[in-house]
Amino acid sequence: MYQTCAFCNAHLDGDGGPSGLGVGRRIAFDEWRGRLWVICRACGRWNLSPLDDRLERIQAVARAAQEGRVLAATGQVALVRWRDYDFVRIGRPPRVELAGWRYGERLRARERERASVVVPLTIAAVGLGVAVNVAAGGSFGFFVWNFARMADGVYVALVGNRRVTLSEPPVCAACGSVMQLRARHLKDGRLVTETHADLALVVRCPSCGAEGALLTGSDAAQALRRGLTYLNAKRSARRHAELAAREVDQMGGPERLVREVSRREVTLRSLRPERRVALEMAVDELAEITELERQWQEAEEIAAIADGTLSTTPELEEHLRRLKAQAKGDQPNG
Ligand SMILES: [Zn+2]
Ligand SMILES: [Zn+2]
């Protein structure tokens, strides 16, 4: 296997794990078509592995993937984490098992970000508080407690002020102004059902306050993620992580949850806190897996050409037949 990405020349990271390729931390495989790729971390492109020993390598990766945890899945693509590796499994719809730890992981990242704002402010305040309280003889504990809450408010305000960058800024249907949306403006957004879009978000105009535009597709996803991150930025959202994870599972996965919220057409801010956290997690998962599916389609086109001669090998034909028979046997709980 080459050491660098064929598209951007960056060094491929990782050691390939069970694939035995010696490189790769994110590896995609398709047992059905006999494909194996190393995904470049720098540019996200898929590097097709050489044909030598490819089938054995795919089997080794598939075996490891079976022990891994499915993070997200569409009908065609599943993202599986096993130890330090991410496997992208193509083909057979896997059992969707979205586990709470995944959400915990995301929330921990947010907690670190929050701490980077809140802790320095609080430390500064404690120093100040000691000075002030010693001088005034007041209640030091009360001061610190109050300040920690205020620092949290500063963080929430920072998140709320983040700009929402869309492919094209929407124009308000009511007042005609170009909407410059920030995360906090999305609190009154409403997910709605649209025949031609997976995701449709009605947004309120920051200038006139009317529900002035409908975002769909990736713009809706982007705005929704910004808005939910803001609404869930409060420290108390952490308490809902477990409940939120269970909520996504009970709903039958991220897609169903989004559909259910869209059906109700309520504003984001009026959702129950745990549902709001659940929705944020679901939208994140969907964005990642949708992007992976898009990348796979592109990579598969190239692979089909590159491997053009492959199907003439009798050994391979036999192997694929065996895999397909095996796959049929596995299907029922699919
Ligand atoms: Zn690359
Ligand atoms: Zn307006």
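Analyst: Helices (H or I, at least four residues) and strands (E, at least two) are DSSP runs, numbered from the N terminus. The model is predicted, with local features requiring pLDDT of at least 70 and side-chain atom pairs pLDDT 80 or more, while totals for chains, interfaces and linings use all residues. Residues are numbered from 1 along each chain as its sequence is written, chains are lettered from A and ligands numbered from 1 in the order in which they are written, and side-chain values use heavy atoms, without hydrogens and water.

User: Where is the place of Asn9 relative to strand 1?

Analyst: Asn9 has a phi near 75°, a positive value in a residue other than glycine. Strand 1 spans residues 26-30, and the place of Asn9 is in the segment before strand 1.

User: How many helices and how many strands does the protein have, and what percentage of its residues is buried?

Analyst: The secondary structure comprises 8 helices and 9 strands. Of the contacts (heavy atoms within 4.5 Å) with a separation of 6 or more, 59% link residues 24 or more positions apart. Among the 334 residues of the protein, the buried share is 45%.

User: In what order do the 6 strands of the open sheet stand?

Analyst: Two strands pair if DSSP finds at least two bridges between them. The pairing within this sheet is mixed, and the order of its strands is 3-2-1-6-5-4.

User: Which residue in strand 3 is the bridge partner of Val38?

Analyst: Strand 2 covers residues 35-39 and is joined to strand 3 by 3 bridges, the two running antiparallel. Within strand 3, the bridge partner of Val38 is Asn47.

User: Which residues coordinate the zinc ion (ligand 1)?

Analyst: Donors are N, O and S atoms within 2.8 Å of the metal (3.2 Å for Na, K and Ca), and since water is not among the atoms, sites may look incomplete. The spacing of the donors of ligand 1 along the chain is C-x2-C-x31-C-x2-C. Cys40 is buried at 2% relative accessible area, whereas Cys43 is partly exposed at 33%. The SG atoms lie at 2.3 Å from the zinc ion (ligand 1), and the residues are Cys5, Cys8, Cys40 and Cys43.

User: What is the arrangement of the 4 donor atoms around the zinc ion (ligand 2)?

Analyst: Ligand 2 is coordinated through the SG atoms of Cys172, Cys175, Cys205 and Cys208, at 2.3 to 2.4 Å. Four donors count as tetrahedral if all angles lie between 85 and 135 degrees. The angles around this zinc ion are 106 to 113°, so the arrangement is tetrahedral.

User: How many residues apart in sequence are the parts tied together by Cys172 and Cys205?

Analyst: The donors of ligand 2 follow the spacing C-x2-C-x29-C-x2-C. Cys172 lies in the loop between helix 3 (140-160) and strand 7 (190-191), and Cys205 in the loop between strand 8 (200-204) and strand 9 (211-216), so the pair ties together parts whose distance in sequence is 33 residues.

User: Against which elements do the buried residues of helix 6 pack?

Analyst: Helix 6 (residues 254-264) has the buried residues Pro254, Leu257, Val258, Glu260, Val261 and Ser262. Just after helix 6, Glu265 takes a positive phi of about 55°. The buried residues of helix 6 pack against strand 7, helix 5 (241-251) and helix 7 (273-306).

User: In which loop is Arg83 found?

Analyst: Arg83 has a positive phi of about 50° although it is not a glycine. Arg83 counts as exposed, at 65% relative accessibility. Arg83 is found in the loop between strand 5 (77-82) and strand 6 (85-90).

Notes
Tetrahedral: all angles 85-135°; square planar, octahedral: opposite > 155°, others 65-115°. Buried < 20%, exposed > 50% of the residue type's maximum accessible area, 1.4 Å probe, protein only.
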